[in-house]
Amino acid sequence: MSLYDDDDIKTATAWSTGLKLVPQMKRNLTMQNKKILTPNFIQKSVKTDDQSNKNLKNKIVSSKPIIPVPALPAIAHYSWDIEDEYDPKCPNDYDKILKDRREKLSEEKKRSDKKKRNSSPLKMLNHSDDEEDYSKYAKLGKAMIAPPKSLLQSSVTLDNSGSVAEKIMAKYGWNSNKGLGKDEQGMASALTVEKTSKRGGRIIHESDFKEQQIMPPPPSTAIPGCVTPINLVEQKEQTITEIIKSPSKVVLLRNMVGPGDVDEELEPEVKEECVTKYGEVVRVVIKEVEKVTPEEAVRIFVEFKRIESAIKAVVDLNGRFFGGRQVKAVKDHPGTWVGIEWDDVSRGKHDGTVDNIQYFKTNHPFSGSMTRIEKVKGFETLEQAILNRYYETNENVLDEYLIKETRTFMHAPLLEIVGMDKIRNKQSNLEELIEVSVAGTKVNKSGNLSQFQNITTLDVSSTLIWNWNIVFDIVLQLKNLQYLDLSNNRILIPSTSEVDKYSVLPNNVKKVNLRNNGISSWQHVVKIASLWPQIECLSLQDNEISSIEKFIQGQVFSKLEKLDLQGNKISDFESVLYLGQLQNLKELLLGGNTFTEVKFPDCHYKEKIEIFTKLQKLNLRGNFIQDDSACFNELDKLYSLEDLSYSSCSAESYEDIAYKAIAFIQGLKTFNKRRIENADRRNAEIDTWKILYLKWLKLNDDEIDVEKFLNKFRSYPNLLAKYGTPEIDVLERSPKKSTSYKIHLKHVLSGKSVERKLPSKMSIQALYGLISKLFKLFLEDENFTLTAIDPKCSKIRVALEPSSKTIDFYSIKDGYMILIE
């Protein structure tokens, strides 16, 4: 009978104890007989309890009579295990059997390697691997010794983040902040190891650092005088991902050693370890910083040759313990960096503070940035800039492209520029240089200026001068310098020591231009003015000054004659009155500020105020003054005002505003840079004389009302004395013919309406241009017509054609409406 012959084993009921039923044969028996013969005995290693035997007994009793089959003599005395025996009837199972064998061998090899690696006491006590092995053995039906119950208690939770000693203590029931033993009388902290030398170290017991543990944490506020209070500022720690986003070859190690622990062996030790583990190191630099927290006191900079090595070092060293200290490894920014404050704020990133260290201070919180010095083109001294611009060279200083454009524009193909050789030769004589401009250059130092002693005017605007030490290094070398232009520079406010140092040094500078220098406080202006005792003209245009504060005139501005405050943010004219104590001030420019009225101290209409006694020229253009008459009446209180620049916010015509200014300010000679002629003055005074006379008659000799009236119109008594009393009938019968008309302009499509005073001799063509500006209409793109309507009879409409005629040709008067259709 063949071992695998299906026909000969139909009557087989059992196998030998050393041989298991082949699965394929078992399936065949089941399909053919559909009845499973009960064997003589069943060997199992798992179910050995009484219940299992009882169930087995029941099954035997209920089965058919057992037919005894003799054991195979050839294999009866062997105990073979042929679970993975190859079955010729199922050849496809061979690959599966090989695969299972390979997996089993691989698992055994991994388990063996793991035991070799984890041979430390902590790993031997770690029961996670033991439980895994126990479950595997249980599945195989083999015996396994259970681990001690003390290691399986769920109440003990191991913290894998601690040291090896802490993990060993945790196995025996230790928790943090509690001692070992039944009464917790034992050690409460694990032993630590501190490295003392290259190959030496010492074990630290909890008693050695007990005092350090009970010390209070450092305060959360900044320490006065602290340069870099990094740890005292609450900040979110950077993750490794954030640190290596912008990699660097330099790694900064902090908190590796404490202050005073730096020795000669630290540098070679760090370098040797980094070279061994991470790659070639270029150099190691160790610096100790004062007035900072102990964790930040010692900074170790490691520069690697490759960025990959630096990244690997940051990942590995960050958070590592060295002598009981947790090391912080971050990327560093190698090289020399330059702080920049941008005029265009949108280009900045911070206020000069990087990684909680303030390197410089900007005027705007986000106008500063840092850039490598390699990216900044070379600076130059003032000496080099003057030589580059004025010294004779063989190069052609004329721009050929500009000359071609000039020839094209002037239609002069034969245009030539002559005389440049003479100018170049004259400028090349450095001793004869008087006016010098190096604006827009990269000047940040003075250099040797001994060969430029005749310079009286120097323009260094829009350069890189940033402090007053540089400025006075230039001024003290140029003995004849009188005018200095420092516009568009960001110069630091002078310190008290700088003021004391330079204010006593002799200099002849009389004019200083500080336009757009970011000055925001009047106290800063006073400090700067203290540097220039001889100053006569100071320009502070386009800064951030919002008010003028009280100051002592004897200390500053003793000789000041001209002050330019245009384009600032002064909103209260009352603060301007502090400037009235300047005894020599002749010109004051206040245009482009934000005040709404001009108000001087009260005085009798026949008197003048005792401030601004020498002020001759005043600029008030670009403000928001509401009452023109009141403003001009206040300005009449000034002793010497002769020149006024003014713009009105009212709807009155420029001619009416000018007439008011001439009539109200009695000593005025120039208005908006136009000299006032005698005829203009007479016409303005007569108009005001007639207009105010009717109001004058209504006062009825009431002294109080008369005084109020004269204080409101200070110039009127002089007009009455000059022109007498006008006759009432003349005022009523012969009114002055108006030279302008008040017209309503209405755009029919949009419904927008504007009222304007238009000259009677204004042409309709000019009116078209005015309307296109007022209503933003384009004559080329839109066709519109003008129609005049009499308010007394709306049915009468007059088309304003042809456009060459003037307004009075169509008999347009006050109150007419012009429709734009």
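Phe 809 counts as partly exposed, at 49% relative accessibility (buried means under 20% relative accessible area, exposed over 50%, and partly exposed in between, with a 1.4 Å probe and protein chains only). The model is predicted, so that local features need pLDDT of at least 70 and side-chain atom pairs count only at pLDDT 80 or more, while totals for chains, interfaces and linings use all residues. Residues are numbered from 1 along each chain as its sequence is written, and side-chain values use heavy atoms, with hydrogens and water left out.

Phe 809 lies in the loop between strand E29 (793–799) and strand E30 (helices, H or I, of at least four residues and strands, E, of at least two are DSSP runs, numbered from the N terminus). Its C-alpha atom is separated by 10.0 Å from that of Met 762, a residue 47 places away along the chain.

Strand E30 (residues 817–820) pairs with strand E26 in the parallel sense over four bridges (two strands pair if DSSP finds at least two bridges between them). Strand E26 (residues 740–747) also pairs with strand E27 (residues 753–759), in the antiparallel sense and over seven bridges. His 744 has a bridge partner in each of these strands: Met 817 in E30 and Glu 755 in E27. The hairpin of E26 and E27 has five residues between the strands, and Gly 751 in this hairpin takes a positive phi near 80 degrees.

A positive phi, near 90 degrees, is also found at Gly 319, which follows helix H11. Within H11 (residues 307–317), the buried residues are Ser 309, Ala 310, Ala 313, Val 314 and Leu 317. Seen down the axis of H11, these residues fall within an arc of 135 degrees, so they line one face of the helix; the arc is that of the directions from the helix axis to the C-beta atoms. In general, an α-helix has 3.6 residues a turn, so residues three or four places apart point the same way.

Gln 566 is found in the loop between strand E20 (562–564) and strand E21 (587–589). Gln 566 is buried, with a relative accessible area of 19%. Neighbours within four places in sequence aside, Gln 566 is in contact with Leu 540, Gln 541, Asp 542, Leu 589, Leu 590, Gly 591, Asn 593 and Asn 619 (contact means heavy atoms within 4.5 Å).

Among the cysteines, Cys 274 is buried at a relative accessible area of 3%, and Cys 537 is buried at 16%. The count of disulfides (pairs of cysteine sulfur atoms within 2.5 Å) comes to zero.
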